Amino acid sequence: MCTAIYPGSFDPPTLGHLDIIRRCSAIHDKVVVCVMRNGAKGGSLFSCAERAELLSTITADLPNVQVDTYGGLLADYARRYPDPVIVRGLRAVTDFEYEFQMANVNRKLAPEIETIFMIARDKYTFLSSSVVRELGRYRGDLGEFVPPAVEQALRIKLGARKFEDE
Ligand code: ADP
């Protein structure tokens, strides 16, 4: 049974992430979305537990998707599963260099595990968690970028007042 491991920061999960998860769940027996606790991206808006909870909420209709968190090396985590493949999304060439490097590092650590890439849907190529965090500070309507549960969590986290400032 092939298990797709989709790791990331997901701070917060966006419709772009959800699109990758859906497409992945359609072609793999099982998908594990893993919030990595050791991201090198500095301060986070949502805690790991909050991000995992949001991911569980927005994937509740996908029975072969489960959500986890992990603080170690991805290669070690992936080895816990039968026939794992690592899945990453690619939005633009700008993602390529980083993803290329990570895939090669993971191949060194776990030569038996492939990393596969899914190309972002056109309408989500510009979308990132950092864009959502930034927009969330100034705008009310994030419906085009994140699922409703995430929008609500952002409102609570950032404070409803800030959405009305513009
Ligand atoms: P990381 O910090 O590991 O890059 P992210 O949460 O930013 O974590 O992204 C997780 C994965 O999802 C990465 O492979 C990233 O390229 C991909 N991704 C992010 N946003 C999108 C999007 N809008 N469409 C498709 N893939 C995306």
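F10 counts as buried in this predicted model, at 2% relative accessibility, where buried means under 20% relative accessible area, exposed over 50% and partly exposed in between (1.4 Å probe, protein chains only). The residue lies in the loop between β1 and α1; helices (H or I, at least four residues) and strands (E, at least two) are DSSP runs, numbered from the N terminus. F10 has a positive phi of about 50° although it is not a glycine. The loop between β1 and α1 also holds P12, and the peptide bond leading from D11 to P12 is cis, with omega near 5°. Residues are numbered from 1 along each chain as its sequence is written. Because the model is predicted, local features need pLDDT of at least 70 and side-chain atom pairs count only at pLDDT 80 or more, while totals for chains, interfaces and linings use all residues; side-chain values use heavy atoms, with hydrogens and water left out.

F10 turns up again at the ligand: of the 17 residues around it, Y6, S9, F10, G89 and L127 come nearest, a residue being near if one of its heavy atoms lies within 4 Å. Polar contacts (pairs of N or O atoms within 3.5 Å; within protein, one must be able to donate a hydrogen and the other to accept it, and residues adjacent in sequence count only if both atoms are side-chain atoms) involve several side chains. An N or O atom in the side chain of Y6 is 2.7 Å from a ligand oxygen, and one in the side chain of R88 is 3.0 Å from an oxygen atom of the ligand. For R91, a polar side-chain atom lies 3.3 Å from a ligand nitrogen. The protein covers 93% of the 550 Å² of accessible area that the ligand has on its own, as given by the Shrake-Rupley method with a 1.4 Å probe. Two or more residues of the shell come from each of β1 (3–8), α1 (15–27), β4 (84–90) and α4 (93–109).

Helix α1 also contains D19, which is buried at a relative accessible area of 10%. Leaving aside neighbours within four places in sequence, D19 is in contact (heavy atoms within 4.5 Å) with R121 and Y124. In strand β5 (residues 114–119) sits T115, likewise buried, with a relative accessible area of 16%. Not counting residues up to four places away in sequence, T115 touches I86, R88 and A103.

D83, by contrast, counts as exposed at 52% relative accessibility. D83 is placed in the loop between α3 (74–78) and β4, and its phi is near 40°, a positive value in a residue other than glycine.
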